[in-house]
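Colleague: I've got the fold open on my screen and a few things I'd like to go through with you. Can we take it piece by piece?

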Amino acid sequence: MSTAPDDLNAWLTTTLLPGWIDRAFDPARPGFVEYLGPDGAPEAGDLRTTLVTARLTYVFSHAHLLGVPGALAAARHGLAFLTDACRHADGRFVHSCTTHGEIVDGKSDFYDLAFVLFALGWFAKASGETGALAIAGEVMDFLDRELAHPAGGFREDTLDTQPRRQNPHMHLLEACHALAAASPDPRWLATADRLVQLMRERMLDADGTLGEFFSENWAAFPGSRGLIREPGHHFEWTWLLYHHERLTGSSEARETARKLHAFGQLQVEAPANPSRLVVNEVDPAGHVLNGAALLWPQTEYLKALVARIEFEGDADAAARLDRYLRLMFQHFVDSESGIWVNQLDGQGRPIGERVPVRVLYHLMLALAEICRVTKGSASL
């Protein structure tokens with residue numbers, strides 16, 4: 001779509017984030033817009049999801065720490081809707097509601113709640129307000145009380161949806177890291193340790209690849225879904241595990257990060273992948289199951305490369321980072337507007353025209369990490 005900016009930090013703080021504050025945040029409209037239309041204009045509608053509200057509350061909290069004007073007001077707007085409309089009298093967060101707080105889908109979803117916790121941790125750090133940490137404690141109490149699974153980890157939601165997934169557990173780990181940075185409460189790193197152990201014992205196969213879908217007792221889900229491996233999640237876990245080692249000193253976390261990154265890197269460099277984009281799905285042997293490429297796995301590859309630079313001094317990762325950043329802007333991100341194409345098919349053609357606002361979380365965090373490690377931007 002375009003060339004990568006010469007000054008990534010300036011582009012992040014003066015183009016991407018201010019542009020998205022203008023698009024997604026309207027002080028007169030509760031919550032945040034969920035999609036942009038094909039013309040780049042926010043789609044009208046009253047539907048609001050806990051997931052998008054939480055993800056953008058994080059984005060704007062982080063943006064405030066990077067010095068973006070108006071970002072804290074946008075984050076506070078999101079937090080208010082999250083805690084007043086998405087959360088109801090019994091303390092549960094619903095999956096979706098209207099701008100007026102009317103319930104559309106009343107289930108409490110583990111994936112949503114992981115991002116609620118992530119947003120609360122970042123808002124507490126950005127604002128210095130401890131009220132968000134108290135709410136985070138209540139959310140974690142709910143997870144432990146209502147969604148804990150006897151085989152380890154947590155159920156998908158209050159409807160006990162199947163199959164079980166590694167993905168929300170990964171994001172709960174991310175949230176625990178964020179809360180540990182904002183709170184002295186030892187529960188966050190203790191929970192993070194349990195999640196890393198669960199992943200190592202139940203989600204990794206014998207060859208060190210990461211499954212996606214599981215049955216009740218963490219056996220691979222029957223049929224083709226049990227074979228799915230997402231390179232993007234291998235890279236996302238890589239970044240998280242290096243930071244888990246930083247926070248806890250866990251050598252096991254670093255060992256696993258190296259294995260996951262190696263598998264993901266093989267998929268990027270595979271002869272059957274001349275584009276060098278991170279494809280959506282492969283099997284445990286690396287055979288492509290879904291050769292399309294979403295934007296978010298590209299951002300997670302960038303984060304994994306940054307972690308390799310920061311924690312391993314990996315010169316090859318440093319060379320790949322520069323090349324791959326240019327590749328991401330070339331295929332996905334418009335540097336003038338800060339709007340992206342969400343997915344390309346196997347031939348590099350865009351799939352769909354709507355822009356899901358939820359993906360801003362991925363793009364923001366990846367670019368902020370690159371700036372932090374390579375240009376001395378604000379520390380996480």
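This is a predicted model: local features need pLDDT of at least 70, side-chain atom pairs count only at pLDDT 80 or more; totals for chains, interfaces and linings use all residues.

Colleague: How are α10 and α12 oriented to each other?

Modeller: Helix α12 covers residues 360-375, and its axis runs 9 Å from that of α10. The two pack at an angle of about 20 degrees. An angle like that falls under the 35 degrees cut-off, so α10 and α12 are roughly parallel to each other.

Colleague: Which residues of α12 make the contact with α10?

Modeller: The crossing of these two, α10 and α12, is left-handed. From α10 the contact uses W296, T299, E300, L302, K303, V306, I309 and E310. On the α12 side the residues are H362, L363, L365, A366, E369, I370, R372 and V373.

Colleague: What about α1 and α2, how do they sit relative to each other?

Modeller: Helix α1 is residues 8-24 and helix α2 is residues 50-65, and their axes come within 11 Å. They cross at roughly 140 degrees. Roughly antiparallel would need over 145, so α1 counts as oblique to α2.

Colleague: And which residues of α2 meet α1?

Modeller: The handedness of the α1 and α2 crossing is left-handed. L17, W20, I21 and A24 are the α1 residues involved. Their partners in α2 are L56, V59, F60 and A63.

Colleague: On to the aromatics. What kind of pair do F214 and W218 make?

Modeller: The count of aromatic pairs comes to 16. For F214 and W218 the ring centres are 5.2 Å apart and the planes stand at 65 degrees. Planes over 60 degrees apart go in the edge-to-face class, so this pair is edge-to-face.

Colleague: Are F214 and W218 buried or exposed?

Modeller: Buried means under 20% relative accessible area. F214 has 5% and W218 has 4%. With those values, F214 is buried, and W218 is also buried.

Colleague: What type of pair is Y242 with F311?

Modeller: Their ring centres are 5.6 Å apart, and the planes are at 0 degrees. Under 30 degrees is the range for stacking, so Y242 and F311 are stacked.

Colleague: How many residues apart in sequence are the parts that this pair ties together?

Modeller: Y242 is in helix α8, residues 231-248, while F311 belongs to helix α10, residues 295-312. Y242 is buried at 0% relative accessible area, and F311 counts as buried at 17%.

Colleague: Which arginine has its charged end over the ring of F115?

Modeller: F115 is part of one aromatic cluster with Y58, Y111, F118, W122 and Y361. A charged end sits over the F115 ring, 4.4 Å from its centre. It belongs to R55.

Colleague: Let's look at the loop between α5 and β5. Is E156 in there buried or exposed?

Modeller: E156 is found in that loop, between α5 (131-147) and β5 (164-165). Beyond its neighbours within four places in sequence, E156 is in contact with D109, F110, T161, P163, R164, R165 and P168. Its relative accessibility is 5%, so E156 counts as buried.

Colleague: Which peptide bond into P163 is involved, and is it cis or trans?

Modeller: P163 is found in the loop between α5 and β5. Most peptide bonds are trans. The bond from Q162 to P163 has omega near 0 degrees, which makes this one cis.

Colleague: What is the phi of D160 near?

Modeller: D160 lies in the loop between α5 and β5, and at 31% relative accessibility it counts as partly exposed. Most residues other than glycine have a negative phi. D160 has a positive value, near 55 degrees.

Colleague: Last one: how far apart in space are S337 and T15?

Modeller: S337 is found in the loop between α11 (315-331) and β10 (343-344), and it counts as partly exposed at 21% relative accessibility. In sequence, S337 and T15 are 322 residues apart. In space, C-alpha to C-alpha, the distance between S337 and T15 is 7.3 Å.

Key
Residues are numbered from 1 along each chain as its sequence is written. Side-chain values use heavy atoms; hydrogens and water are left out. Rings of Phe, Tyr and Trp (its six-membered ring) pair if their centres lie within 6.5 Å; planes under 30 degrees apart count as stacked, over 60 as edge-to-face and the rest as tilted. Buried means under 20% relative accessible area, exposed over 50%, partly exposed in between (1.4 Å probe, protein chains only). Helices (H or I, at least four residues) and strands (E, at least two) are DSSP runs, numbered from the N terminus. A charge sits over a ring if NZ of Lys or CZ of Arg is within 6 Å of the ring centre and within 35 degrees of the ring normal. Axes are lines fitted to C-alpha atoms, for helices over the stretch in contact, and angles run from 0 to 180 degrees between N-to-C directions. Angles under 35 degrees count as roughly parallel, over 145 as roughly antiparallel, 65 to 115 as roughly perpendicular and the rest as oblique. A crossing is left-handed if the near helix is turned anticlockwise from the far one by less than a right angle, and right-handed if clockwise. Contact means heavy atoms within 4.5 Å.
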